[in-house]
Amino acid sequence: MDHLAWLSKHPAALRPPAAPGRTIGALRGGWRLVLIVVAGSVLLASGCTASRPVDPAEDAGPTAPDLAAASRVGTAQAADALPLDHPMDEQALVDLVLARNPTLLAMRAAWRQAQARAPQDAAVPEPTLSYGLAPASLGESLPGQSITLTEPLPWPQRLSQRSDIADFGADAAEADLTTSRLQLVADAKQAFAEYWLADGQLRVNAQLRTVVAQLDAVQTTAYGAGQGTRITALEGEAALNELDHHAIMFVHQRALAIARLNYLLHQPSDHPLPPPPLALPEPIPISDARQLTTLALAQRSDLRAAQARVRQADARSGLVGLQDLPEVSLSVGYDTMWNDPNMRLMVGVEVALPLNRDARGAARDEAQAGSDQARAQLQALTDRVQYEVQERFEHVLESLHILHLLHDRSIPTAQAILAAAQSGAASGNDATVAVLDARRQLIAVQWEYQQAVADCHEHLADLERVIGGPLPPPAPAQETP
């Protein structure tokens, strides 16, 4: 029979039996004590879980994104899409990537998840309420029943260490979010440079093919008139075939760049994009490697994450060091199965005895090994940061050297050759061939210059990533007395 149904048919079971030396009112006072204990346990449990009001804005996180809205592609994104009637702007592209890319949404959610861990770990454990019933006593006027409320009393040092572990984990998650953001910025800038390069080289390739086709026509005509060689005529045809091959390569490279940009923008791979600009800005001057290394060691977010994980491992080691403190719990209970009413109310204490020394020693060794591992990983990352800065710095210097060489020497030389060929040109096929060949060389050098510009911008974007932020202006040169 259902217990509630049985009580409805046996209301006397709710009344305490008469006992020698005790009045009925006093016995009912004992039951009131049980009700007070039950009510107190409920209030205590609710107080532990709602010790302070929850602010909805705080619960959503400081920068909580609308994950559902961010995951939709369509009309919601059309409002902030890149305008198709204007050349693509690099900064606008970066801002839109940071606003749309779901990678940052995932990392931000991981940070919020880590932040929500600290209040849980610092909270006092929930009390437990247990109830017992003697089935064989159900036929009696008062069945045998017991109720016990137990409240663990953790050591404040343990709660503090657990809170520190969670806080350091949240610090590491926040630094990981910054690292992902820097990586996205570098990816967007590099994809922008690749898009610009593929589109520009398609145009240059078309110009070069026009010149080579004219040169091939002149040489073929000269060969037909008996004024050239078969090899010269075939060289023009081979050059045209190579340029056609390059055109196909550049088309595919542009398609890949568009797909990469759309991936970063959280759009379909074939989503239309505005055309790239006709020119990229001049590369900015950079500081020396030592200054950049110092800056990277001070601001790299992955170093901050590694430092937070070292502190987290140390906090875990400190928590394990407190395991010799016994776990203590207080309990209060009421048992109707005692004949003596003075014995029914019980107050007790429960202590967990830390007797397993081998297990505690192994836990301390494990925690210490975790701290040693975190410190070694931090040192390895510090060494890698210094190497990465030097490596990217050398790549930028090399690309700047090639860029200046092409801009200051190769292009002016090719322009001078073309001017000389045009000024000295007379009638005849030889003069025409010289002018066309000089024009071909100039376009080829301009082609190399475009590649150097794109390489330089990609290396600069990668250098910004490895130093953890925008490139600083170079330090002013010190004047010698």
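Helices (H or I, at least four residues) and strands (E, at least two) are taken here as DSSP runs, numbered from the N terminus. On that basis the protein chain holds 14 helices and four strands. The model is a predicted one, in which local features need pLDDT of at least 70 and side-chain atom pairs count only at pLDDT 80 or more, while totals for chains, interfaces and linings use all residues. Residues are numbered from 1 along each chain as its sequence is written, and side-chain values use heavy atoms, with hydrogens and water left out.

**Chain totals**

Of the 481 residues in the protein chain, 37% are buried, where buried means under 20% relative accessible area, exposed over 50%, and partly exposed in between (1.4 Å probe, protein chains only). Contact means heavy atoms within 4.5 Å, and among the contacts in the protein chain with a separation of 6 or more, residues 24 or more positions apart account for 80%.

**The sheet**

The four strands form an open sheet in the order E1-E2-E3-E4, with antiparallel pairing; two strands are said to pair if DSSP finds at least two bridges between them. Strand E1 (128-133) and strand E4 (345-351) stand at the edges, and because each has a single partner strand, one side of each is left without a neighbour in the sheet. Neighbouring strands of this sheet are turned by 20° against each other on average, direction ignored, the axes being lines fitted to C-alpha atoms (for helices over the stretch in contact) and angles running from 0 to 180 degrees between N-to-C directions. Strands of a sheet pair through backbone hydrogen bonds, either parallel or antiparallel.

The pairings can be listed together with one bridge from each.

| Strand pair | Bridges | Sense | Example of bridge partners |
|---|---|---|---|
| E1 and E2 (residues 145-153) | six bridges | antiparallel | Gly132 and Ser146 |
| E3 (residues 328-335) and E4 | seven bridges | antiparallel | Ser331 and Gly348 |

About 340 Å³ of space lies in the second largest pocket. On a 1 Å grid over the protein atoms alone, a cavity is a set of points where a 1.4 Å probe fits but cannot get out, whereas a pocket is an open set with protein on both sides within 12 Å along at least five of seven lines, and lining residues have an atom within 4 Å of a point. Grid points are joined across faces, edges and corners, and the volume is the space filled by probe spheres set on the points. The lining of this pocket has 18 residues, of which Glu90, Lys189, Pro281, His457 and Glu464 are the closest to its centre. The elements that give two or more residues to the lining are helix H6 (90-100), H9 and helix H14 (429-467), and H14 gives the most, with four residues. By class the lining has eleven nonpolar, two polar and five charged residues, where Ala, Val, Leu, Ile, Met, Phe, Trp, Tyr, Cys and Pro count as nonpolar, Asp, Glu, Lys and Arg as charged, and the others, Gly among them, as polar.

**Individual residues**

Asp187 is found in helix H9 (residues 156-224) and counts as buried because its relative accessible area is 18%. Not counting residues up to four places away in sequence, Asp187 touches Arg260 and Leu264.

Arg309, in helix H12 (residues 301-321), is partly exposed, with a relative accessible area of 37%. Leaving aside neighbours within four places in sequence, Arg309 is in contact with Ala172, Asp176 and Ala374, and its C-alpha atom is separated by 8.7 Å from that of Ser371, 62 residues apart along the chain.

Leu397 has its place in helix H13 (residues 357-423) and counts as partly exposed at 35% relative accessibility; Leu397 and Cys456 are 59 residues apart in sequence and 8.7 Å apart in space, C-alpha to C-alpha. Val433 belongs to helix H14 and is partly exposed, with a relative accessible area of 24%, while its C-alpha to C-alpha distance to Gln214, 219 residues apart in sequence, is 9.0 Å.

His266 lies in the loop between helix H10 (230-264) and helix H11 (289-299), and its relative accessible area of 22% makes it partly exposed. Most residues other than glycine have a negative phi, and most peptide bonds are trans. The phi of His266, by contrast, is a positive value near 60° in a residue other than glycine.
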